[in-house]
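Hello,

Here is the structure you are taking over. Please look at it first, then read my notes below.

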Amino acid sequence: MKLKSAFFFTAIFGVVLLLHLSVLFFFEVPVTQNQLFLSYAANFFLAGSILWGLFIVFKKNSSQVGFLFMAGSLLKFILFFMVFYPMYKVDGNLEKAEVLTFLIPYFTGLFLESFILVRKLNKI
């Protein structure tokens, strides 16, 4: 992954995290509730690793990029159902805040993966 793409990826993830924290502080919701930092870290590293893998596969066999992209999305959903869902379901109730704590970084990573990959594909 080029340094410019890596910086853009990290900066956007950081801005989204700061906005999310700001909303939580505004509504006086504890930031340690719902595994917020674990969710952002897991999604950041998974999305970054998937994007890095996509760039490597793109150089070798660009026709396989779409399959790897879909496999990466599946991997992130498996992460949710294996790691986060059991933690959120402990009290027997899955709240909106718990779901959003995972989905905001998930969709941020998905958007960034798509955006950066589309920019790369348009340069061909």
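Which element gives the largest share of the nonpolar patch? It is α3, with five residues. Keep in mind that this is a predicted model. Here is what I found.

**Overall picture**

The chain has four helices and zero strands. Read from the N terminus, the order of elements is α-α-α-α. The C-alpha trace spans about 50 × 25 × 15 Å along its principal axes. The chain holds 124 residues, and 35% of them count as buried.

**Confidence**

The average pLDDT of the chain is 90. A score of at least 70 is reached by 99% of the residues. Helix α1, residues 3–26, has the highest confidence, at a mean of 94. Helix α3, residues 65–88, has the lowest, at 88. Note that α3 is also the main contributor to the nonpolar patch, with five residues.

**The nonpolar patch**

Take Leu74 as an example. Leu74 sits in helix α3. Is Leu74 buried or exposed? Leu74 counts as exposed, because its relative accessibility is 53% and the cut-off for exposed is over 50%.

Where does Lys123 lie? Lys123 is in the segment after α4, the helix that covers 96–122. The relative accessible area of Lys123 is 67%, so Lys123 is exposed.

**The end of α4**

Now step back to Asn122. Asn122 belongs to helix α4, and α4 runs over 96–122. With a relative accessible area of 63%, Asn122 is exposed. How far apart are Asn122 and Ile56 in space, C-alpha to C-alpha? The distance is 17 Å. In sequence, Asn122 and Ile56 are 66 residues apart.

**Where to look**

When you open the model, start with α3 and find Leu74 there. Finish with Asn122 in α4 and Lys123 in the segment after α4.

Best wishes

Terms used: Residues numbered from 1 in each chain as written. Predicted model: local features only at pLDDT ≥ 70, side-chain atom pairs only at ≥ 80, totals over all residues. Heavy atoms only, no water. Helix = DSSP H or I, 4+ residues; strand = E, 2+ residues; numbered from the N terminus. Buried < 20%, exposed > 50% of the residue type's maximum accessible area, 1.4 Å probe, protein only. pLDDT = per-residue confidence, 0-100.
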